[in-house]
Amino acid sequence: MNAVQNLRAWLARTPTSIIVMGSLLIAFVVVAVFAPLLAPFDPSRQSLILRLRPPGSAGPQGMTFLLGTDDLGRDLLSRVIYGARASMFVAVASVSVSLLIGTALGMLAGWRRGWVEIVIMRFVDVMLSIPAILLAVLAVAVAGPGFQTLILVLGLTRWPRYARVAYAQTLQVATLPYIRAAELAGASATRLLLRHVLPNIAGPLLVVATAEFGLMILFEAGLSFLGLGIQPPTPSWGTIMSAGRQYIERAWWLTVFPGGCLFLLVLSVNVLGDWVRDRLDPRARTRG
Amino acid sequence: MSQPVLSVENAAVHFRSRGGFLRKAGPALKAVDGVTLSVQPGETLGLVGESGCGKSTLANAILGLVPLVGGTITVAGREVRSDDAESLRAIRSDAQMVFQDPALSLNPRLSVGAAIGEPLQVRGLAKGAALRDRVAALLKAVGLEADHASRFPHAFSGGQRQRIVIARALALQPRLVICDEPVSALDVSVRAQILNLLVDLQRDTGMSYLFVSHDLSVVRHIADRVAVMYLGRIVEIATMAVLFGKPRHPYTQALLLAAPEPDPVRQRAKTRRILEGELPSASNLPPGCAFNTRCPIATEICRKDAPLLVARKDGAMVACHHAED
């Protein structure tokens, strides 16, 4: 009873947009996790008689292709549902990898200064000057295409953005008197960084991470399009769209539905990211 | 006389702009240059001077936050060595600091209780219920409520935040608290409250203060003795009564004349003597007495020899060739 009241109170003071976007994100996650239970068809079952059917066409055994079929006669809805898995997994994993590396190196550079700063930040410059696609080609040539390679490539090429933000923020925070006060209190360097610096630079990093989340899905699509990412027949939103691109005049649904899902997912992550950042700030948390 | 809580002997702190690729290292900036002073138990020493004279640098050097290039600093009998983490930890339980801007000296993401308890917690001196009790006692000691511990700094006013900062400084029961302009960021109406709190706490605990300020009226309220600093050097140290009654160094005299008098009649009667010229750069000090470029009574010798801090009959120490006895 109390839990229900709490939930109702929470819903009452949370903006509608957050509730809508939150529900959307939860829906995407549920779809991705329970894809095998939710997909009406096997996403890789082909039927050349049923290729490029528009949304709502009749399928075998009295079933309907709700979102139509693709150029090989596969059910688009099932492919989009399974594609959510691949796309979200790649995005979450690569954002986590790059966020971790970038934050750690950026904070270290801003905290230690001196040659540590020079080495790390010049390395960041070097990384930013290497085209990610080239690096991806190289990585795929060495390790072979697949999920791991894709996540590694994205994670290891995207960390400089986080490093820059973490570095600049750490420089700013490190000189504040409360850091000196904690040092005088006897706090170790690890404690200073994790308890005093990190919470105060987390907001901007979170914003970068949510922006990157959408970019990661787009990058995955781009790399998959080049044959460097997720390999067919495994569906991802990127591969579905890149395959559908050829048929855009005859079969608009192949690009519009996965594209629409991508748009809604990225939008919800960005809106929620901003909201979480504000909530993390105790100054905005007047009513606990 | 008992052992001083703080003794600074001939301390010097220089900053040097780092050289680099295609860039020469600049001349040393002598932020603190040959400062000698001491603070006795239970005493308040005011340290005054205009901004940039090295007051805060000296305060930081005492806590080992910046390295000395010369001289020694001893806190409660222990020499401060900025490269010796072990001894710095011990020194920082004897000497703590209150900062200028209470809005910046509290971590906004840390509750007030966590901030005050941090020195005790990281040193393993108290935890759990004992830590909570200690924090509650500290909050009460500075005039706040025990249940304020769970709140965050943004919920407090400037004066209340400064009370929290003071409570944090007191957590380790230090023998010396360095107050670096503790009231200059506060509203005038709150200043007196904080100053009175400092006085009360000193009476209860017997600790000493090194009270850094540019505001003579504030120092007058709290200090037993006053040291006047100019460009990294002490130009005059004397007890309150002597310094305000009979300032000897021309810089001290100018400072006192510049401070406004509450009584308008006396304010109008004051002979104004405004210092001429700019403050010289601390990285390019004039030869001889550092004050000679602005001094109204400077002569040839002031441009050649730096005057030493010499004791006078009434105990005052003055660094001036021409100051009367």
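**Conventions.** I number residues from 1 along each chain as its sequence is written, and I letter chains from A and number ligands from 1 in the order in which they are written. The model is predicted, and I kept local features only at pLDDT of at least 70 and side-chain atom pairs only at pLDDT 80 or more, while totals for chains, interfaces and linings use all residues.

**Chain A, overview.** I counted 11 helices and 2 strands in chain A. Helices (H or I, at least four residues) and strands (E, at least two) are DSSP runs, numbered from the N terminus. From the N terminus on, I read the elements of chain A as α-α-α-β-β-α-α-α-α-α-α-α-α. The C-alpha trace of chain A spans about 75 × 60 × 30 Å along its principal axes.

**Chain A, helix 9.** I looked up the span of helix 9 of chain A next. Its end C-alpha atoms are only 45 Å apart, whereas a straight helix of 37 residues would span 54 Å at 1.5 Å a residue. The expected span is 1.5 Å times one less than the number of residues. Where does helix 9 of chain A bend? I found a bend of about 50 degrees at Leu198(A), with a proline, Pro199(A), following within four residues. The bend is the angle between axes fitted to the seven residues ending at a residue and the seven starting there. Just after helix 9 of chain A, Gly227(A) has a positive phi of about 80 degrees.

**Chain A, helix 4 on helix 9.** Helix 4 (residues 76–112) and helix 9 (residues 189–225) of chain A pack at about 145 degrees, their axes 8 Å apart. Axes are lines fitted to C-alpha atoms, for helices over the stretch in contact, and angles run from 0 to 180 degrees between N-to-C directions. The crossing is right-handed, meaning that the near helix is turned clockwise from the far one by less than a right angle. Helix 4 of chain A contributes residues including Ser87(A), Leu99(A) and Trp111(A); helix 9 of chain A contributes, among them, Leu193(A), Phe213(A) and Glu220(A). Contact requires C-beta atoms, placed from the backbone, within 7 Å. By class I noted 13 nonpolar, 3 polar and 2 charged residues. Ala, Val, Leu, Ile, Met, Phe, Trp, Tyr, Cys and Pro count as nonpolar, Asp, Glu, Lys and Arg as charged, and the others, Gly among them, as polar.

**Chain B, four-strand sheet.** I traced an open antiparallel sheet of 4 strands in chain B, order 2-1-4-5. Strands pair if DSSP finds at least two bridges between them. Strand 2 (29–39) and strand 5 (78–79) of chain B are the edges. Strand 1 (residues 6–15) of chain B pairs with strand 2 over 8 bridges. Ala11(B) has Val35(B) as its bridge partner. Helix 1 (residues 55–62) of chain B packs on this sheet, at about 65 degrees to strand 2.

**Chain B, eight-strand sheet.** I found a second open sheet, of 8 strands in the order 6-7-8-3-9-10-12-11, with mixed pairing. Strand 6 and strand 11 (310–311) of chain B are its edges. Strand 9 (residues 225–230) and strand 10 (residues 233–239) of chain B pair antiparallel over 6 bridges. Tyr230(B) is bridged to Arg233(B). Helix 9 (residues 250–258) of chain B lies across both strands, at about 105 degrees to strand 9.

**Contact between chains.** Chain B gives 21 residues and chain A 16. Helix 3 of chain B gives the most on its side, with 3 residues. I sorted the chain B side into 10 nonpolar, 4 polar and 7 charged residues.

Key: Contact = placed C-beta atoms within 7 Å.
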